[in-house]
Amino acid sequence: MSSVRARVAPKLSLARARRIALAAQGFDRTRPARPASTARIARLIRELGVLQLDSVNVFLRAHYMPVFSRLGPYDRSRLDRIAGHGTGRIDRRLVEYWAHEASLIPVELHPLFRWRMADVDREAWGSISRVAREQPELVAQTLELVTRDGPIRARDTGAVRPPPRPGHMWNWHAGKVALEHLFFTGRIGAARRVNFERLYDTIERVLPAEIRERPAPSPEDAQRELVRVAAQALGVATEPDLGDYFRLPRSDSKARVAELVGAGELTPVEVEGWTAPAYLWPDARAPRGVHARALISPFDSLIWFRQRTERLFDFRYRIEIYTPAAQRVYGYYVLPFLLGDRLVARVDLKADRSRGALLVQGAYGEAGVDRRHVARELAAELRLVAGWLGLDELVVAPRGDLATELTAAAN
């Protein structure tokens with residue numbers, strides 16, 4: 001009588017899982033000695049799969065910082081050029097879409113979101129999904145306007161902005177809602193951004209023909225490919241980690257992960273301290289050590305899924321931009337500080353551009369760290385990012401339990 005032995009999932013220590021995750025995100029590599037080329041920047045973004053966009057500019061626009069964190073000082077106009085931002089020449093390699101949140105993605109990934117474009121009623125929110133049902137003539141007229149006059153700004157629709165509503169982050173007029181519906185459904189795209197304001201144009205004038213003409217993959221095939229991209233970018237991850245990367249519906253995420261496991265494309269593993277099953281990308285790098293030093297944007301894919309950040313780094317992080325000032329624990333725009341393979345501190349940063357100063361409005365160390373060592377390394381990174389932003393002065397406020405050591409290290 002033969003017996004069948006159940007396959008036991010390999011076990012990873014938490015430290016090894018953390019190194020794998022950091023390597024997958026590009027933090028195991030030494031920063032280039034010279035400013036990164038356009039090709040190197042584009043290659044990094046292909047590896048990450050996505051750069052999240054955000055309008056807050058108190059320190060720096062969100063999409064610029066992940067590239068700096070991994071590659072060091074670089075010419076931001078190179079990223080602008082491949083993203084279609086600014087007024088200069090465009091070398092379209094990235095395009096905007098609702099991938100994680102509002103995001104820049106490599107152009108070749110755009111067709112993988114056609115299932116989301118087609119399922120606007122389930123995938124979009126409130127007014128974006130309703131406007132085509134409630135005001136179809138407005139949507140048709142807006143598309144005609146973009147086709148005739150694009151690229152256009154939202155103000156070019158002629159719609160009047162409604163009065164502010166307490167508690168509402170976005171206060172869009174009807175023309176903006178129609179534009180966003182057309183953008184979500186893939187009929188128009190972001191031709192460029194100028195001063196971070198999106199200019200809309202027909203998708204035919206935004207995307208290269210080779211990308212537009214690709215056959216639409218089935219929703220299942222597209223989602224499997226998105227999970228593959230996420231798995232490569234995360235290295236080792238739970239199913240919710242993988243699904244969150246491109247905000248897949250949970251039922252779809254579960255199904256696609258199970259399919260990739262069944263096909264041998266994801267390896268089930270157990271990670272020390274994790275209660276949920278984990279999955280390893282078979283080609284993930286597993287360095288013996290990671291010697292990174294980087295400030296991490298709140299919108300960086302390394303930390304944007306907060307439960308994963310806690311599991312990997314034992315670091316509880318919540319962005320407090322929308323928290324009333326009196327209730328904030330650490331500050332308005334707080335960036336974790338990565339040193340080696342750990343998140344060891346956090347700083348509340350503001351770029352005072354009129355003064356030419358980088359303001360550290362609060363500095364906090366994690367329990368058990370060597371505070372003087374962390375402060376020295378943090379001061380060096382702050383001086384590096386200040387120089388990159390053209391800020392000549394580094395000013396540390398006396399707020400936070402690391403402020404004293406950081407002040408000494410910065411002077």
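This is a predicted model: local features need pLDDT of at least 70, side-chain atom pairs count only at pLDDT 80 or more; totals for chains, interfaces and linings use all residues.

Strand β5, which spans residues 188–194, is mostly covered, with 7 of its 7 residues buried.

**Strands β5 and β6**

- Strand β5 is joined by 6 bridges to strand β6 (residues 197–202), and the two run antiparallel.
- Across this pairing, Arg193 stands opposite Arg198 in β6.
- The hairpin of β5 and β6 has 2 residues between the strands, and Asn195 takes a positive phi near 50° in this hairpin.

**The sheet of 3 strands**

- In the order β2-β4-β3, 3 strands form an open sheet with antiparallel pairing.
- The edges of this sheet are held by β2 (51–52) and β3 (94–98), each of which pairs on one side only.
- Strand β4 (residues 102–106) pairs with β2 over 2 bridges in the antiparallel sense.
- Within that pair, Leu51 stands opposite Leu104 in β4.

**The sheet of 4 strands**

- Another open sheet has 4 strands in the order β1-β8-β9-β7, and its pairing is mixed.
- Because β1 (11–12) and β7 (236–238) stand at the edges with a single partner strand each, one side of each is left without a neighbour in the sheet.
- Strands β8 (residues 267–271) and β9 (residues 278–280) are paired over 3 bridges in the antiparallel sense.
- Thr267 has Leu280 in β9 as its bridge partner.

**Helices α7 and α8**

- The axis of helix α7 (residues 126–134) comes within 5 Å of the axis of α8, and the two cross at roughly 100°.
- Where the helices meet, Val131, Ala132, Arg133 and Glu134 come from α7, while Pro136, Leu138 and Val139 come from α8.
- Sorted by class, this contact between α7 and α8 has 5 nonpolar and 2 charged residues, with no polar ones.

**Thr142 in helix α8**

- Helix α8 covers residues 136–149 and includes Thr142.
- Thr142 has a relative accessibility of 4%, so this residue counts as buried, the cut-off being under 20%.
- Leaving aside residues up to four places away in sequence, Thr142 touches Thr157, Gly175, Ala178, Leu179 and Leu182.

**Arg205 in helix α10**

- Arg205 belongs to helix α10, which covers residues 203–206.
- With a relative accessibility of 45%, Arg205 counts as partly exposed.
- Leaving aside residues up to four places away in sequence, Arg205 touches Val146, Thr147 and Gly150.
- Arg205 and Asp221 are 16 residues apart along the chain, and their C-alpha atoms are separated by 27 Å.

**Helix α16**

- Helix α16 (residues 371–388) has 18 residues.
- From its first C-alpha to its last, α16 reaches 25 Å, close to the 26 Å expected at 1.5 Å a residue.
- The buried residues in α16 are Val374, Ala375, Leu378, Ala379, Glu381, Leu382, Val385, Ala386 and Trp388.

Methods
Residues are numbered from 1 along each chain as its sequence is written. Side-chain values use heavy atoms; hydrogens and water are left out. Two strands pair if DSSP finds at least two bridges between them. Buried means under 20% relative accessible area, exposed over 50%, partly exposed in between (1.4 Å probe, protein chains only). Contact means heavy atoms within 4.5 Å. Axes are lines fitted to C-alpha atoms, for helices over the stretch in contact, and angles run from 0 to 180 degrees between N-to-C directions. Ala, Val, Leu, Ile, Met, Phe, Trp, Tyr, Cys and Pro count as nonpolar, Asp, Glu, Lys and Arg as charged, and the others, Gly among them, as polar. The expected span of a helix is 1.5 Å times one less than its number of residues.
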